[in-house]
Every structure is written in structure tokens, then in C-alpha cells.
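Here is a short briefing to read alongside the structure. Have the sequence and the 3D view open, and let us walk through the fold together.

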Amino acid sequence: MKKIALPIRFGLVTSAVLIAYFLILALFHRHIYPAFSFFNAVITAFGIYEAIKLTKLEKPEAFSYGEGFKTGLITGFIAAILFTFFFLFYITEINAGFLSELFKVLKGGLDADTGLVTFVVLIMGFATTVIATLAVMQFLKNSTQTK
């Protein structure tokens, strides 16, 4: 349990920051523009970076690529799942007209239901997690080169 406590903690904090960012966008009625969601990747990558960096600092001799990758995936998946639950709650209970506003902005003639949009949000979170973890591990992996 101690090994996954750090990624869980960082996943909770990352999801809280994602939710706060979404609510700030909603305050200014900018949450219906998908372009603003690109910053979610930055938030997620920063949370993953901090989790992996702290894992490496705690036990530098035992740190491996696999350990860092696992830490990043757990952190990001927890953040993505919690944000998806919040998003589902938001579009069903807080702002039921959100999807119709979103589809007006997209102008693509989409007629998706709540379940599909929620599923897409979850898959986007998972994809962001995997990509961000791979990118972060390129910076934090132990070098095998000798000096």
C-alpha cells in the first residue's frame, strides 16, 4: 500500500486542479470551447512529473523505468477517472444544457448522448496519461551511459 500511496495522493491533487480549472473556465463561460481543454494535458503532465520526481528522490537507487512508469500511470489514471466522474456530475446535475452549448460551438452536427461524451472524456484522460508519462520518463529515467 505504501508504494501506491504517493501516486494516489498526486492523482487526487491533479484531479482537484483539473476540476478547479474547469470550474474557472465555467465561471467565464469558456468551458464550452474545446481548445481550452488542451491545458488539461499540461496540468496532468505536471502532476505526473511531480509524482515521478518525488518517487525518484525518495529511493534513487531503487528507481527504475518501470517503477516511474507505473507511478505516472496510476497518478494519471486516478486523475482522469475522478475528473470524469466530476464531468458526468456537472453535465447531468449542475448544467444540463452544457452538451447542447458544446455541440453548437463544434458546429459538426453531432448528436451524442451523455454516456458517449463522458466516455470520450475518460479515453482522452487515459491517452493524455500514457503520453505524458512516456514524455516525463524521458527526462527522469536513470541514464545508462558511463561518464
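Is Ser-15 buried or exposed? Ser-15 is buried, as its relative accessible area is 4%, and the cut-off for buried is under 20%. Please keep in mind that this is a predicted model.

**Overall picture**
- The protein chain has five helices and zero strands, so there are no strands to look for.
- Read from the N terminus, the order of elements is α-α-α-α-α.
- Along the principal axes, the C-alpha atoms fill a box of roughly 60 × 30 × 25 Å.
- Of the 147 residues in the protein chain, 35% are buried.
- Taking the contacts with a separation of 6 or more, 79% are between residues 24 or more positions apart.

**Around Ser-15**
- Ser-15 belongs to helix 1, which spans residues 2–27.
- Leaving aside residues up to four places away in sequence, Ser-15 touches Ala-79, Leu-82 and Phe-83.

**Helix 2 against helix 5**
- Helix 2 (residues 38–58) and helix 5 (residues 114–140) have axes that come within 9 Å and cross at roughly 45°.
- Because of that angle, helix 2 is oblique to helix 5.
- The crossing of helix 2 past helix 5 is right-handed.
- On the helix 2 side, the contact involves Ala-41, Thr-44, Ala-45, Ile-48, Tyr-49, Ile-52, Lys-53 and Lys-56.
- On the helix 5 side, they meet Thr-128, Thr-129, Ala-132, Thr-133, Val-136, Met-137 and Leu-140.
- By type, the residues of this contact divide into nine nonpolar, four polar and two charged.

**The buried side of helix 4**
- Helix 4 runs over residues 98–106, and Phe-98, Leu-99, Leu-102 and Phe-103 are buried there.
- Why do these residues sit on the same side of helix 4? They do so because they cover an arc of only 125° around the axis.

Key
Residues numbered from 1 in each chain as written. Predicted model: local features only at pLDDT ≥ 70, side-chain atom pairs only at ≥ 80, totals over all residues. Heavy atoms only, no water. Axes fitted to C-alpha atoms, helices over the stretch in contact; angles between N-to-C directions. Helix = DSSP H or I, 4+ residues; strand = E, 2+ residues; numbered from the N terminus. Parallel < 35°, antiparallel > 145°, perpendicular 65-115°, else oblique. Left-handed = near helix turned anticlockwise from the far one by under 90°. Contact = heavy atoms within 4.5 Å. Nonpolar A, V, L, I, M, F, W, Y, C, P; charged D, E, K, R; others polar. Buried < 20%, exposed > 50% of the residue type's maximum accessible area, 1.4 Å probe, protein only. Arc of directions from axis to C-beta.
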